[in-house]
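Visitor: I would like to learn how to read a few features of this entry. Please take them one at a time.

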Amino acid sequence: MEIAKVEPITTTRALRGPFDYRLPADMIEAGVGVGSLLMIPFSGRRILGVVVDVAAESDLPPERLAEPLEAIEAGATPELVRLGLWVAERYCSTASRGLALVLPPGSGTGKKPRTLKPLTERRAAITDAGREALRADERLGTKQRAALELLAADGELSGSALNERAGAGSVVLGRLAERGLVEQRIAEVRRAPRIDVVGAVGDGPPELSPRQAACVAELVRALDGEGPSERLLHGVTGSGKTEVYLAAIEAALDRGRSAILLVPEIGLTPQTLGRVAARLGDRVAVIHSGLSEGERFDEWRRLRSGAARVCVGPRSAVFAPLTDLGLIVVDEEHDSSYKQEGDPRYDARAVARHRAAEAGAVYLAGSATPRPESWDELARLELPERVDGLPLPPVEVLDMREVPGSSGPLHPVTREALSSLRETAGEGAKAIVMLNRRGFSPHLSCGSCGAAVLCPNCDVSLVLHRGRDMVGCHHCGHTEPVPRTCAECGSVSISRHGAGTERIEQLIGELVSPAPVIRLDADTTAVRGGHSNVLTAFERADGGVLVGTQMVAKGHDFPDVALSVLIDADSTLRYPDFRAEERTFALVSQLAGRSGRGDRGGRVLVQTLAPTAAPIAAAADHDAAGFLAGELERRREFGYPPFSSLLAIELASRDEVALVGAGETIAGLVRPALGPDAELLGPAPRFRRRGRYRRRLLIKTTEPERDVAAVRAALDRPEVTSALHGVTLAVDVDPQ
Ligand code: ADP
Ligand code: ZN
Ligand code: ZN
C-alpha cells in the first residue's frame, strides 16, 4: 500500500497536517508523488492538497484511510515542496501557506477549491482526400468549399478562424470530417503575456567591456563549481550590470541549466523585462502581477514542462518550477519590494539564496546601492564605471536651511533648481524631478484654531488631491470632499502645508511651458499598464520634465535626461527605522544615476535640510563603499542586521484595552522562551491604521532559527489563543 502524506491547502492557521490518504493503483501508475496536487475529501468537503511525502504505512488503520478524489495535472516538484515548507518554517507561517507559494497559479484555497486548466481550441487540417476533393471538383457546399480552400492554403487553422473567414462552424467542419476531408484535433493555446518594450533595447548582445567580461568569467567559474557561489555585483548605474546577468544566464543555459532573474515590482521595470525577453526569446517565461490568471498559469506550465528555461519576474518568481537550476539573479537587490507583505512574509532574496544553495546554483545579487548585509556577506564583483565612459554626474547639495521660508508652502523648490529646470527645458532637454510624496498638499489645517484634517480611521493627515477634488488617506483609502470649513471651529480659513507631486507638477508646468510635464506616481499609474504608458510618453516627448515619487528613480534608462532634482531628500531619513540611512542613500544615488546618460552630460540637484547627513553626503560623492563601511560600523555598534536578526510580532485591534493586554501576555510568554543573548523590545505602540490600534514587539537575536522556533512555540500556547480574542497577530521575520 502507498500512503500519501497530504497537506491541505487552507488558510486556517490551526490545522495541523499532513494527513494520510491511501493512493489507489491508478494514481500510483500516473506518477502521483511528492509535489502532486490532489483533490481530497476533508471533513465532508472537497479541498486541494499537496503530497509532501509518500510512505509505505500509516499510523491509521487501513479502513480509516480515505482515497484522494482526483489527481490534478502538473503539481509542484519535490524540490519546491521542500522550499515551500522551509519558507513556512523560516517565516513562522503554516505549511499550507508556504506550499501555496509553489503551486500552479490559481490553485484556490478555502471553501471552493479550484484549479485552472489549459486553454484549448479545436483545430482543423486538410487531409489528402480533402485536397483531392478540391482538385476533382467534388460536390461541396459553399462553406465546405471555402473552408477547404483556406485549409489548402494555410494547412491548419483554428475552428474560430474558419468560422470567421469561411463561415464554417462546427457543423460544417463535422461534415467535412465525416467525409474524411479534414482532420480535427484539440490543441492547447498559449495565453502569451504582452511585453511592452520601453526605451533602448538593442538587437544582439553588445561586445562586453573588459570589466564586464571579467565579471562574467567569474560567474562562469562559479557555475562550474569554482570559487564562491554567492556574489554581489556592485556596479554604478549604467555600468552594464544587465548585460552581465544576460551573459551569465546564457552560460547557465549552455550548460543545460536553468535560471531565474528577479526584478523589483514589475510595473516599475518594464525596461528590464522588455530587454531580457527580446534577448532570450521563447526560452523565457515571465510571471508578474499584470498578467491575467490564464497567462500566469500558462507561463508556469511552460516552466514546469521545460519549454521555458528562464523565469523573469518579481519576488514570486523565486518559486518558479524550474529543474536543474544553475543561477538566480536578484537585480536591484536593495529594493524593498522583495519583501512580501502578506503571510508568509518572506524575503525573496533570502529565499533565493537558500534555494540556490540547496540546488547547487549560483546566487548573484546586483545593485548600484547594495544593502549593508550583502556588502558584508557576499563576495564582490565590481563595475566602477559607466559603459559609455561618461563620468557620473556631479551632485550639488542645496542646503534648504539657508533658504528663508523654503520649507513653507511657497517655495518647495529652490530658486536655483527652478532656474536650472527652466534652462534645461528651454534647451529642449529632459529633466526628472523627484519628491517622494504624492498628492497636492500632504497636510491641511485650520488657520484659526490649528485643527488638522485627519483620517477618521488612521492617525495620519488626509492628503489633498486637487486633480480628483478630494482629500484622501494613503493608508486606508478613505476619501472625503475637500473641507471648506473647519470641522472644529467652523472657520473658513483652511491652509495647505507642504507639497506633493501634484503641486510640483503644476508649479513646474507653469515654469517650463510649453514643454510638457509628465507625472509618474501611484495616482497616474493606477490603471493596468499605466506605468509603461507614462514612461513611454516621457520617452517620446521632445523635451520636458518627468515629475514623480521614487518611481522615477527606478530602473529606466533615458539617454537625454540632463538634470535631476530631488526635493526634500530628508523625507526618507526622518523615518524612525534603522534602514532610513540605507534607503536615503539608495534613493539619492539612484536618482543621480538617471541623469547624464547621453551626450548632454548631466547635473543633479539635491535639496535637503541635512546636507551633512552621511547618506546624502556620500551619495553626492558617489561613494557607496564609504557609505557602506560607515553604515556597517553603525549597525555593529547598535547590534542591527547583519550583526543580528530581527523578528517582529505585530498586534492590531479595534479594542485598545484588549490590545494592551495581548501585548503584555505575549511579551510575558515570549521573553523567557528566547535564548540568553536575545533581546525583546516593546510592546511599543504604532500609529492607528484602518481603525485598528497597533503594538509591536521586536526581538533582536543572533540565532534566528532558534528564536523563531521559540516564538512559534510560545505563540502556540493556549493562553495566547484567549489573549488574542479580537486581536490579530502577525509575525514578521526580518522586517524591512
Ligand atoms: P545597469 O543595469 O548597470 O544600470 P545597463 O545594463 O542597463 O546598466 O546598461 C546601460 C546601457 O549600456 C544599456 O543601454 C546597455 O544596452 C548598454 N550597454 C551595456 N553593456 C554594453 C556594452 N558592453 N557595450 C555597449 N553598450 C552596452
Ligand atoms: Zn478651526
Ligand atoms: Zn486612513
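Guide: Start with the ligand: the shell around ligand 1 is made up of 4 nonpolar, 7 polar and 6 charged residues. Here Ala, Val, Leu, Ile, Met, Phe, Trp, Tyr, Cys and Pro count as nonpolar, Asp, Glu, Lys and Arg as charged, and the others, Gly among them, as polar. This is a predicted model, in which local features need pLDDT of at least 70 and side-chain atom pairs pLDDT 80 or more, while totals for chains, interfaces and linings use all residues. Residues are numbered from 1 along each chain as written, chains are lettered from A and ligands numbered from 1 in written order, and side-chain values use heavy atoms, without hydrogens and water.

Visitor: Which residues come nearest to ligand 1?

Guide: A residue is near a molecule if one of its heavy atoms lies within 4 Å of it. Of the 17 residues around ligand 1, the nearest are Glu207, Gln212, Gly238, Lys241 and Arg275. Helix 9 (residues 241-254) gives the largest share of the shell, 3 residues. Helices (H or I, at least four residues) and strands (E, at least two) are DSSP runs, numbered from the N terminus.

Visitor: What lies 2.7 Å from a nitrogen atom of ligand 1?

Guide: A polar backbone atom of Glu207 does.

Visitor: Is Glu373 buried or exposed?

Guide: Buried means under 20% relative accessible area, exposed over 50%, and partly exposed in between (1.4 Å probe, protein chains only). Glu373 counts as buried because its relative accessibility is 10%. Glu373 belongs to helix 13 (residues 372-377), and its side chain makes a polar contact of 2.9 Å with that of Arg579. Within protein, such a contact is a pair of N or O atoms within 3.5 Å, one able to donate a hydrogen and the other to accept it; residues adjacent in sequence count only if both atoms are side-chain atoms. Pro210, in helix 8 (residues 210-223), counts as exposed because its relative accessibility is 70%.

Visitor: In what order do the 5 strands of the open sheet run?

Guide: Two strands pair if DSSP finds at least two bridges between them. The order is 2-1-4-3-5, with antiparallel pairing. Strand 2 (19-22) and strand 5 (70-72) are the edge strands, each pairing on one side only.
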